Amino acid sequence: MTKDLAAYAAENGVKYFMISFTDLFGGQRAKLVPAQAIADMQTDGAGFAGFATWLDMTPAHPDMLAVPDPDSVIQLPWKPEVAWVAANPIMEGEDVAQAPRNVLRRLIAEAAAEGMHVKTGVEAEYFLLTPDGNALSDPYDTAEKPCYDQQAVMRRYDVVREICDYMLELGWGPYQNDHEDANGQFEMNWEFDDVLVTADRHSFFKFMTKSIAEKHGFRATFMPKPIEGLTGNGAHLHISVWDAPGAASKVNVFADDSKELGLSDQGRHFLGGIMKHATGMAAITNPTVNSYKRINAPRTSSGATWAPNTVTWTSNNRTHMVRVPGPGRFELRLPDGAANPYLLQAVTLAAGLDGVRTKADPGKRYEIDMYAEGHKVKGAPRLPLNMLDALRAYESDKVLKAAMGEEFSKAFINMKMKEWNSFVSHFSRWEKDNTLDI
């Protein structure tokens with residue numbers, strides 16, 4: 001039964017709703033709607049000018065209406081008079097095909113029609129910086145190997161604890177928090193769920209983390225590589241497929257103890273689809289210029305980047321793009337913190353579905369240390385070196401483009417090419433330092 005948002009407001013003391021949608025670049029856009037007006041908004045949606053956001057539209061386009069999905073509503077734990085609700089953009093009565101949440105919803109429906117109910121968990125890493133973004137928030141966080149540093153995590157206990165308390169209150173099932181491999185970097189893990197639930201929570205987590213950081217006088221960033229020489233922000237994705245959605249799921253159809261690494265034939269084919277489309281996927285899983293400073297980074301101060309640069313898979317080995325840490329699931333280590341929460345899930349479904357449909361083979365499994373012996377791997381594709389290469393790889397992957405939707409793909413490539421052209425027309429300090437006197 002669809003939740004009545006007006007009744008929800010009355011029962012929970014909500015005075016305002018944030019009707020929120022996510023644009024192509026991952027920007028979170030919202031209108032603040034008083035509870036007295038939410039009944040009409042639940043039916044008709046809140047009006048937006050799509051051109052004013054990062055969507056491939058013009059000022060001449062009609063109003064875009066963001067219709068809230070009441071099942072996604074979350075009361076802000078730090079400001080309970082406000083509730084956030086994810087919305088599905090429509091225009092002239094039709095879903096906006098380029099809108100990221102709509103892309104994901106369509107692919108979820110396709111997977112369900114084929115008996116596949118995908119569940120994922122995401123590991124969202126972030127840095128805590130000074131408000132101007134120019135330095136770590138903790139000047140004492142200087143260890144050469146800071147991962148799991150208990151002194152450093154306790155110096156930011158108030159921030160970490162507050163965010164984790166809210167996840168507990170929301171019923172997300174958070175189970176661990178830690179200081180990550182870079183100075184000033186943290187990670188918080190919560191339980192996996194259906195892909196749309198995970199995407200909504202990932203989106204809200206970024207909003208919540210930034211809000212709580214600001215409250216404490218800091219700045220949280222999910223930028224892939226905010227500090228030169230340090231490990232970047234990943235958004236590793238753990239993937240499994242089940243026999244039914246939500247609480248009705250009983251059987252992990254990726255699990256088969258009689259198969260290699262406990263991965264069923266269907267799981268192997270799904271993995272095969274990800275391997276097959278990885279270079280094209282990178283345009284979406286690693287969507288910014290800065291992304292390629294993470295996946296193609298030189299050795300960091302801690303000794304490892306923890307990011308892949310080659311399309312390979314393995315068992316429980318963190319130096320590869322995909323690892324299978326246990327039966328019935330695998331971890332995609334390619335995505336970074338800039339990945340759009342909805343498009344990250346959507347492109348994973350698109351690639352995996354094609355793999356299952358075509359019975360794709362993931363290829364040879366490697367157990368070597370890719371950081372030390374990666375040069376020994378022959379024939380495995382390299383990941384794109386920059387955003388332009390990634391966009392070209394996506395453009396040339398006709399199957400992946402079609403699976404994501406031609407209208408979406410055209411809009412995404414158009415907008416990201418404009419971003420790339422803006423970047424290459426920018427004159428940097430490096431150019432003057434290195435070529436002024438040539």
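Q: In this predicted model, why is Trp306 called partly exposed?
A: Its relative accessibility is 32%. Buried needs under 20%, exposed needs over 50%, and partly exposed lies in between. Trp306 at 32% therefore counts as partly exposed.

Q: Where does Trp306 sit?
A: Trp306 is in the loop between H7 and strand E14 (313-314).

Q: What makes the phi of Trp306 worth a note?
A: Trp306 is not a glycine, yet its phi is positive, about 60°.

Q: Why is Glu92 called exposed?
A: The relative accessible area of Glu92 is 69%. The cut-off for exposed is over 50%. Glu92 at 69% therefore counts as exposed.

Q: Why is Thr285 called buried?
A: Thr285 has 0% relative accessibility. Buried means under 20%. Thr285 at 0% is therefore buried.

Q: What places Thr285 in a helix, and which one?
A: Helix H7 covers residues 265-285, and Thr285 is found in it.

Q: Which residues is Thr285 in contact with, leaving aside neighbours within four places in sequence?
A: They are Leu334, Pro335, Asp336, Ala339, Leu344 and Val347. Contact here requires heavy atoms within 4.5 Å.

Q: How far apart are Thr285 and Asn340 in sequence and in space?
A: In sequence, 55 residues separate Thr285 and Asn340. In space, C-alpha to C-alpha, the two are 7.7 Å apart.

How values were computed:
Residues are numbered from 1 along each chain as its sequence is written. This is a predicted model: local features need pLDDT of at least 70, side-chain atom pairs count only at pLDDT 80 or more; totals for chains, interfaces and linings use all residues. Side-chain values use heavy atoms; hydrogens and water are left out. Helices (H or I, at least four residues) and strands (E, at least two) are DSSP runs, numbered from the N terminus. Buried means under 20% relative accessible area, exposed over 50%, partly exposed in between (1.4 Å probe, protein chains only).
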